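Student: I have a model open and want to know what stands behind its labels. Can we go through them?

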Amino acid sequence: MFLIPDPVVRFFHRMASPPHFYAFTGRLMPWLVVVFLLVTAVGLYGGLYLAPADYQQGDSYRIIYIHVPSAWMSLFIYVVMAVAGAIGLIWRIKLAEIVAISSAPIGASFTFIALVTGSLWGKPMWGTWWVWDARLTSELILLFLYLGVIGLYGAIDDKRTASRAVAILALVGVVNIPIIHYSVEWWNTLHQGPTVTKMDKPSIHVSMLIPLLLMAVSFKFYYLIAMLQRARTELLLRERNAQWVKNMVSESK
Amino acid sequence: MSLSRAFFAVIRRDLVLALRRRSEIANPLLFFILVITLFPLGIGAQPHLLQAIAPGIIWVSALLAAMLSLDSLFRSDFDDGSLEQMLLSPHPTTVLVLAKIIAHWLVTGLPLLIVAPLLAVFLGMPNHSLGTLLLTLLLGTPVLSLIGAVGVALTVGLRRGGMILSLLVLPLYVPVLIFAGNAVQMAGSGLPVDAQINILIAILLMALVLAPLPVAAALKMSIH
């Protein structure tokens with residue numbers, strides 16, 4: 001712990017307290033929304049308008065500005081969920097549990113978007129809605145893993161117990177995801193030769209890359225906004241009998 | 001009682017219990033045979049087609065049979081309270097849980113190996129791939145029990161855990177299915193399968209070491 005500067009430690013300790021978290025994220029939210037809107041506007045303008053059309057794929061490649069960031073987010077959120085779950089499991093911090101479960105539906109949505117956009121792109125490019133491509137397949141399995149997490153949380157009535165169950169499952173999943181990913185990749189290369197899927201990936205041009213990175217940042221901010229919003233609601237729901245919630249409600253009347 | 005004695009006592013107890021309720025052994029086995037019988041009826045009895053998809057059919061059916069048998073792993077012990085006693089004992093839960101999983105595999109996983117040759121004949125699999133099929137079942141089904149135990153431990157406290165269990169467990173079964181199914185297929189074509197077998201061994205060893213930890217944690221959560 002001596003490696004972490006004192007103010008940082010204090011910040012995290014204070015964030016673990018529900019009323020402080022609620023007030024702080026409430027103040028933070030407008031700024032997050034402003035940054036998100038700005039980055040998204042610039043990213044979309046760069047990606048859909050400024051970036052040149054691809055010499056092979058024409059304009060249809062532009063779906064990567066949604067598809068690729070979604071696919072990145074799908075994995076990123078699962079890792080966040082597992083880390084938050086582990087923190088909740090080890091230190092019994094309520095807020096970490098809430099962050100973990102609030103992330104799950106957003107992660108599942110991003111995974112779903114990545115699958116749908118991949119399929120939409122695949123129709124003109126590969127001539128079919130679905131191929132058992134390694135990445136699509138492991139993305140599909142990731143979606144099932146997310147749905148398992150959501151389903152398990154919904155099935156257990158006591159939400160503190162449910163949070164611990166979700167944390168354990170997310171940790172098991174995070175160990176398994178690399179194994180699943182590489183086994184699917186290996187399966188695909190053996191079953192199906194590099195005919196359709198292995199188009200020579202040209203190294204991406206800067207004018208296309210910058211909007212892509214901007215969109216990735218924008219998606220991170222969107223996740224932060226959506227996750228905090230869900231977490232705040234969940235927090236109010238769980239703490240509805242706590243004094244600070246009662247005070248807040250009576251003040252706002 | 002020393003740890004090793006406790007370990008073997010748990011295995012012996014579970015085996016005795018299973019032998020007194022033989023339907024628990026028979027049900028997954030019958031299911032395994034029935035599902036494989038359904039495939040020729042569903043897709044037609046063309047020998048070439050059946051032969052081509054036989055490894056996949058056998059392994060998918062083994063996966064489903066393993067999943068269906070999972071519920072009996074902790075259910076009765078959870079209901080009569082002996083699971084609670086086990087968690088309260090001074091021995092590490094992970095070791096006792098591992099003993100239960102091994103006993104469960106001996107009762108539900110091992111019998112699949114015995115009927116697999118018969119089913120291979122049903123589906124017209126070439127004789128020289130039979131050894132690989134048995135080897136993959138020997139290495140793969142314990143992994144199914146170990147991973148499945150995590151799912152059961154998480155859902156044992158629920159009244160309707162059945163559907164959610166399949167959602168939790170089946171995606172995690174994917175690597176075993178891929179490597180085992182592929183090994184049998186390759187062996188049928190006379191190709192070497194060392195790589196797949198080695199990976200299956202690696203997965204089994206990893207599952208043996210890692211799986212008892214989340215199982216123990218999840219059981220403590222379910223009991224609470």
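Tutor: Chain A has eight helices and zero strands. Its pattern along the sequence is α-α-α-α-α-α-α-α. This is a predicted model; local features need pLDDT of at least 70, side-chain atom pairs count only at pLDDT 80 or more, and totals for chains, interfaces and linings use all residues. Residues are numbered from 1 along each chain as its sequence is written, and chains are lettered from A and ligands numbered from 1 in the order in which they are written.

Student: What makes a stretch a helix or a strand?

Tutor: DSSP runs do: H or I over at least four residues is a helix, E over at least two is a strand, numbered from the N terminus. Helix H5 of chain A covers 134-155 and helix H6 covers 159-191, so both meet the helix cut-off.

Student: How do you know which residues of chain A are in contact with chain B?

Tutor: Contact means C-beta atoms, placed from the backbone, within 7 Å. By that test, 24 residues of chain A meet 19 of chain B. H5 and H6 of chain A each supply at least two residues of that side. The largest share, 15 residues, comes from H6(A).

Student: How much of chain A counts as buried?

Tutor: Of its 253 residues, 34%. Each of those has 20 or more other C-beta atoms (placed from the backbone) within 10 Å of its own.

Student: How confident is the predictor in chain B?

Tutor: pLDDT gives its confidence in each residue, from 0 to 100. Chain B averages 91, and 100% of its residues score at least 70. The model scores ipTM 0.90 and pTM 0.90.

Key
Two residues are in contact if their C-beta atoms, placed from the backbone, lie within 7 Å. A residue is buried if 20 or more other C-beta atoms lie within 10 Å of its own, exposed if 12 or fewer, and partly exposed in between; C-beta atoms are placed from the backbone.
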